[in-house]
Amino acid sequence: MATLSAEILPSDPCVLLDTSCTTIAETVREGLTASPKTLPPWLFYDRDGSDLFDRITQLPEYYLTRIERSIFAADAPEMMALAACGEKLRVVEIGAGSADKTRLLLAAAADMQGRVSYHPVDVSESALEEAKERLQREMPEIHCHPQVADYTRDLRLTPCFDGERRVVLFIGSSIGNFLPEEASSLLRGLRLALDRGDSILLGVDLAPTADGKSIANLTAAYDDGAGVTAQFNKNMLVRLNRELDADFDLDSFAHRIRWNEDESRIEMHLESLIDQRIRIDALDMNVEFAAGETIHTENSYKYRIGEVEKMLQSAGFGHPQRWRDEDGWFAVYLAQAE
Ligand code: TRP
């Protein structure tokens, strides 16, 4: 899955939800002295975290990847044709990751026009190189031009030739991992980087409904029976133990998922099961936890249909088209920069 499978080295600038800190040390100091305690989701994605995330996307409970892929399998040709509008399509992807579902879209574009130029943007050079190598081997009509950048900060796209249009892929419900106001400003920033007639293809996980997707369906996706998501969440502590010489005992923390109805979001936390003091040597710091206290590690907002249209429109994207699975669990939008 896209955005978040990047490996981020400790010396890399912070990405995603973080706006001020630049190192893992500063980030952790700030997050664990805050009240309530938080750690930013980019800390998940070292190499082990990226592998665990890839496993999450294959879990039976994690319907998002499966459903989004099924929507692409059915409708990618129509999506690519609408985005191209009779011109040549250039495909940009922000937060590209393993680019697995992307291949359905790229294949549809290649069927339509032959050669396709593909510009994945990610913070991780190694993830991009891997994706490029695989595409070169398996889809020779795709010409891959990776760009290492943090799309939440500086998104500069290479200019298009005459007769070309861009479609920017922002899939995997990555938009849900931003606060709504951040999501809106991200879309506005994206609009500024585009030309009129370019478009965005947005994958969005939908809020539960009375007669369809239940809250239990939703929480199961983030709390699977095999415990992979729990391991993914706790990998953050493993990383702090390794990189900052901390002494978190993994068994005294539990993976907790909460559905926050008021905010329409899934929250992921690490809950301390006992009163305890954690030592973080590299920060020369002790952190006290009361039993039941949590570290908030991730949000995943779930949108209602009308809200996405509104957000797109106020960011300068018009004529939204929408595709959904039969049960209405997940939606893919295509909207045009006006
Ligand atoms: N955007 C996806 C989602 O919210 C991917 C994701 C981000 C995720 N963080 C996660 C999935 C943590 C599982 C656990 O579902």
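Reader: Hi! Which helix gives the most to the negative patch?
Author: That's α5, with four residues. Helices here are DSSP runs (H or I) of at least four residues, and strands (E) of at least two, numbered from the N terminus. A note on the source: this is a predicted model, where local features need pLDDT of at least 70, side-chain atom pairs count only at pLDDT 80 or more, and totals for chains, interfaces and linings use all residues. Residues are numbered from 1 along each chain as its sequence is written, and side-chain values use heavy atoms, leaving out hydrogens and water.

Reader: Thanks! Which residues gather in that patch?
Author: D48, D51, E125, E129, E130 and E133, on the surface. A patch takes residues with over 30% relative accessible area and no salt bridge, like charges being joined within 9 Å. A salt bridge would be a Lys or Arg side-chain nitrogen within 4 Å of an Asp or Glu carboxyl oxygen. Both α2 (47–56) and α5 (125–138) supply at least two residues.

Reader: And D51, where is that found?
Author: In helix α2. D51 counts as partly exposed because its relative accessibility is 46%, and that class lies between buried (under 20%) and exposed (over 50%), using a 1.4 Å probe and protein chains only.

Reader: New topic: is T297 buried or exposed?
Author: Buried, at 1% relative accessible area. T297 sits in strand β12 (residues 294–301).

Reader: What does its side chain join up with?
Author: The side chain of N233, through a polar contact of 3.0 Å. That term means N or O atoms within 3.5 Å, one able to donate a hydrogen and the other to accept it.

Key. Patches are made of residues with over 30% relative accessible area and no salt bridge: like charges are joined within 9 Å, nonpolar side chains (Val, Leu, Ile, Met, Phe, Trp, Tyr) within 5 Å. Accessible areas come from the Shrake-Rupley method with a 1.4 Å probe; for residues, only the protein chains shown count as cover. Lys and Arg count as positive and Asp and Glu as negative; His and the chain ends are not counted. The place of a charge is taken as NZ of Lys, CZ of Arg, CG of Asp or CD of Glu.
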